Amino acid sequence: MKKYITNALKFLVFISLGIFIFWKVYQDQDWKEILKALHEVDFLWVYVSIILGIISHLARSARWVLLADSLGYKASAYNSFFAVMIGYFANLAFPRMGEVTRGAIIKQYEKVPLSTAFGTILSERIIDLIMLAGITALAILLQFDVFQKFVMENPAVSDNIQSIIESGWLIGIFAFIGISAIILYFLFRQKFEHIKLIKKVNEKVNTLKDGLLSIKDVKNKYLFVLYTLAIWIAYYGMLYVCFFSFPFMDAYGPLTALTIFVLGSYGMVAPVQGGIGAYHFMVISGLVIYGVGGDDAKLFALIVWSAQTVMLIGMGLISYISLPFYNRYKKRTHEPAGNNQL
């Protein structure tokens with residue numbers, strides 16, 4: 001009971017934070033004007049954006065299959081895709097819950113140890129973090145004045161960056177403690193391996209390490225890189241094609257889309273469900289700097305976020321329903337003929 005109460009409180013805190021940010025962003029918005037403006041939106045490109053979103057998730061699931069194969073697991077592409085979509089669906093309930101949910105599904109249906117599955121997912125996240133950092137650096141290099149103006153016009157963002165810089169020594173201390181603890185663990189773990197608890201921890205750490213290092217044993221590294229590029233190109237495309245849906249975005253091109261994509265990406269990783277509120281704030285603030293009207297920027301952010309959220313909910317529910325049916329079918333078709341007889 002205590003666990004359910006804790007989870008419910010976490011859900012309420014995160015969703016309340018997201019709704020509060022969303023309300024602050026749209027509190028002065030005339031929703032009748034939003035509804036009127038919807039008639040001018042070319043939703044064909046919004047549908048293309050949704051398709052690109054699905055393609056990015058297909059590429060992500062295919063990339064994970066390569067990691068599983070490097071560890072000797074012949075994973076199903078269907079189960080991998082279902083796990084990805086259900087994971088994203090879970091993130092709409094609790095931030096970062098998707099990784100745990102995805103790992104649990106992989107363990108149940110692909111018989112990959114949970115710590116190993118989580119290690120492969122963590123490995124993917126590290127790669128994605130590197131990609132986001134690289135894209136951010138590229139966007140800042142190409143649009144430095146825009147990012148500088150964004151930081152200057154948003155004191156809260158500027159203060160956060162300043163506090164991170166000023167607290168660098170504190171981060172360094174924690175990093176030093178963490179690294180020292182890891183080194184000490186690996187130096188002395190064999191000495192205390194006879195202790196049952198330490199032995200169990202060692203087993204979990206070894207399987208987690210296998211998952212984390214699975215990338216170095218990927219057989220087709222070119223395909224792995226191709227899938228990674230496909231994921232991020234599709235992510236970028238999801239936003240850029242939506243420019244063609246709005247008449248007021250005609251004057252803006254790929255570089256503007258790159259900047260808004262980066263800002264929106266950081267909004268999506270905020271600790272709120274599905275980036276609600278945070279994504280809207282980042283995208284709207286960026287568009288306003290480029291000269292897009294406030295109401296138009298709000299409409300753009302609302303449509304793009306809503307389309308992708310609806311896609312995640314729809315595909316998440318479809319995957320949740322399909323997962324057990326597919327695996328029952330797979331099990332039945334792989335059983336020896338004699339087992340199907342009464």
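**Group meeting: a walk through one predicted model**

Leaving aside neighbours within four places in sequence, Ser 49 is in contact, meaning heavy atoms within 4.5 Å, with Met 238, Val 241, Cys 242 and Gln 308. Before I go on, please keep in mind that this is a predicted model, in which local features need pLDDT of at least 70 and side-chain atom pairs count only at pLDDT 80 or more, while totals for chains, interfaces and linings use all residues. Residues are numbered from 1 along each chain as its sequence is written, and side-chain values use heavy atoms, with hydrogens and water left out.

Ser 49 sits in helix 3, residues 43-70, where helices are DSSP runs of H or I with at least four residues, numbered from the N terminus. Is Ser 49 buried or exposed? Ser 49 counts as buried because its relative accessibility is 1%, and the terms here are buried for under 20% relative accessible area, exposed for over 50% and partly exposed in between, with a 1.4 Å probe and protein chains only. The side chain of Ser 49 also reaches the backbone oxygen of Met 238, at 2.7 Å.

Let me turn to helix 5. Its 14 residues should span 20 Å at 1.5 Å a residue, and its end C-alpha atoms are 20 Å apart, which agrees; the expected span is 1.5 Å times one less than the number of residues. Among the buried residues of helix 5 are Gly 98, Ile 105 and Glu 110. Just after this helix, Lys 111 takes a positive phi of about 60°, although most residues other than glycine have a negative phi. Lys 111 lies in the loop between helix 5 (97-110) and helix 6 (114-142), and with a relative accessible area of 63% Lys 111 is exposed.

Now to the nonpolar core, a set of buried Ala, Val, Leu, Ile, Met, Phe, Trp, Tyr and Cys residues joined through side-chain atoms within 4.5 Å. The largest one has 71 residues, and those with the most contacts inside it are Leu 239, Met 249, Leu 287 and Phe 300. Helix 14, residues 294-334, supplies the largest share of this core, 13 residues. Leaving aside neighbours within four places in sequence, Phe 300 is in contact with residues including Leu 239, Phe 243, Met 249 and Leu 287.

Terms used
Helix = DSSP H or I, 4+ residues; strand = E, 2+ residues; numbered from the N terminus. Polar contact = N/O pair within 3.5 Å; in protein donor to acceptor, adjacent residues only side chain to side chain.
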